[in-house]
Amino acid sequence: MVTRKEMTTAIHEENGELRVERGGVEVNVVVGEKYKIEPINPRKKKNRGRICKILNLPSEFMSTEALAKFEDTKRTGKVDIRELLPL
C-alpha cells in the first residue's frame with residue numbers, strides 16, 4: 001500500500017533544471033538525461049517501467065508534463081515529471 005508520504009511531491013526550478021522531491025527521493029530532471037517512468041499510483045499502468053529521454057521541460061506555470069522520447073519505440077510523448085526516477 002502506498003503511504004501518504006510517498007504520494008507527496010514538490011517541484012523546484014533551479015538554473016534550468018527541475019528538482020522533484022518525491023517521498024524522500026530527490027530527482028533532478030535535466031534535458032537530455034534518461035529516466036525510468038514509475039508512477040506513484042500502483043494502479044496506473046501507462047508507461048510503467050519504460051525508459052525515456054527528456055527533450056523539453058514544462059514551460060507553463062504549474063505544468064508537470066515534459067516532452068520525452070521513449071527508448072523502446074523511438075516515439076515522442078508527454079510524461080509526468082513526478083513519475084520519473086533516475087537510471
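I call a residue buried under 20% relative accessible area, exposed over 50% and partly exposed in between, using a 1.4 Å probe and protein chains only. The model is predicted, and I kept local features at pLDDT of at least 70 and side-chain atom pairs at pLDDT 80 or more, while totals for chains, interfaces and linings use all residues. I number residues from 1 along each chain as its sequence is written, and side-chain values use heavy atoms, with hydrogens and water left out.

**T64.** I looked up T64 and placed it in the loop between strand 5 and strand 6 (65-70). Strands are DSSP runs of E, at least two residues, numbered from the N terminus. T64 counts as buried because its relative accessibility is 18%. Its side chain makes a polar contact with the side chain of D80, at 3.4 Å. Such a contact is a pair of N or O atoms within 3.5 Å; within protein, one must be able to donate a hydrogen and the other to accept it, and residues adjacent in sequence count only if both atoms are side-chain atoms.

I found an open sheet of five strands, in the order 7-6-5-4-8, with antiparallel pairing. Strand 7 (76-80) and strand 8 (84-86) are at the edges with a single partner strand each, so one side of each has no neighbour in the sheet. Strands pair if DSSP finds at least two bridges between them. Strand 4 (residues 34-37) and strand 5 (residues 51-56) have three bridges. I traced K36 to its bridge partner in strand 5, I51.

**R50.** I then checked R50, whose charged end sits over the ring of F70, 3.9 Å from its centre. This needs CZ of Arg or NZ of Lys within 6 Å of the ring centre and within 35 degrees of the ring normal.

Methods: Helix = DSSP H or I, 4+ residues; strand = E, 2+ residues; numbered from the N terminus.
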